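I opened this entry to keep a record of what I looked up in one model. The structure is pasted below for reference.

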Amino acid sequence: GPEEVREALQIGPEAPIITTDARNRGEAKSALITLVEHALLARLR
């Protein structure tokens, strides 16, 4: 699950871990939006 991935990659709680099926256009789009939003917010801090 996502928490196992976070632990294995040693990613802090501030980084979003999302599951997605990249073959599904809508899910891939949503994942990309989440990534960009996170990057923009991180830059503002």
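My notes run from the whole chain to single residues.

**Ground rules.** I am working with a predicted model, in which local features need pLDDT of at least 70 and side-chain atom pairs count only at pLDDT 80 or more, while totals for chains, interfaces and linings use all residues. Residues are numbered from 1 along each chain as its sequence is written, and side-chain values use heavy atoms, with hydrogens and water left out.

**Whole chain.** I looked up the secondary structure and found 2 helices and 0 strands in the protein chain. Helices (H or I, at least four residues) and strands (E, at least two) are DSSP runs numbered from the N terminus. The C-alpha trace spans about 30 × 30 × 10 Å along its principal axes. Of the 45 residues, 7% count as buried; I use buried for under 20% relative accessible area, exposed for over 50% and partly exposed for in between, with a 1.4 Å probe and protein chains only. The chain exposes about 4100 Å², and carbon and sulfur atoms supply 58% of that area. Accessible areas come from the Shrake-Rupley method with a 1.4 Å probe, and for residues only the protein chains shown count as cover.

I then looked up the charges and noted 6 positive and 7 negative side chains, with the centres of the two sets 11 Å apart. Lys and Arg count as positive, Asp and Glu as negative, and His and the chain ends are not counted. Each charge is placed at NZ of Lys, CZ of Arg, CG of Asp or CD of Glu.

Is R6 buried or exposed? R6 sits in helix 1, residues 2-9, and counts as buried because its relative accessible area is 14%. Leaving out residues up to four places away in sequence, R6 touches I11, G12, P13, A15, P16 and I17; contact means heavy atoms within 4.5 Å. A polar atom of the R6 side chain lies 2.5 Å from the backbone oxygen of G12. A polar contact is a pair of N or O atoms within 3.5 Å; within protein, one must be able to donate a hydrogen and the other to accept it, and residues adjacent in sequence count only if both atoms are side-chain atoms.

E7 is also in helix 1, but E7 is exposed at 65%. Q10 lies in the loop between helix 1 and helix 2 and is exposed, at 72% relative accessibility. I noted that phi of Q10 is near 55°, a positive value in a residue other than glycine.

**Helix 2.** Helix 2 covers residues 25-44; its 20 residues should span 28 Å at 1.5 Å a residue, which agrees with end C-alpha atoms 29 Å apart. The expected span is 1.5 Å times one less than the number of residues.

- E7 and I33, 26 residues apart along the chain, are separated by 24 Å.
- L41 and G1, 40 residues apart in sequence, are 25 Å apart in space.
- R43 and R6, 37 residues apart along the chain, are separated by 21 Å.
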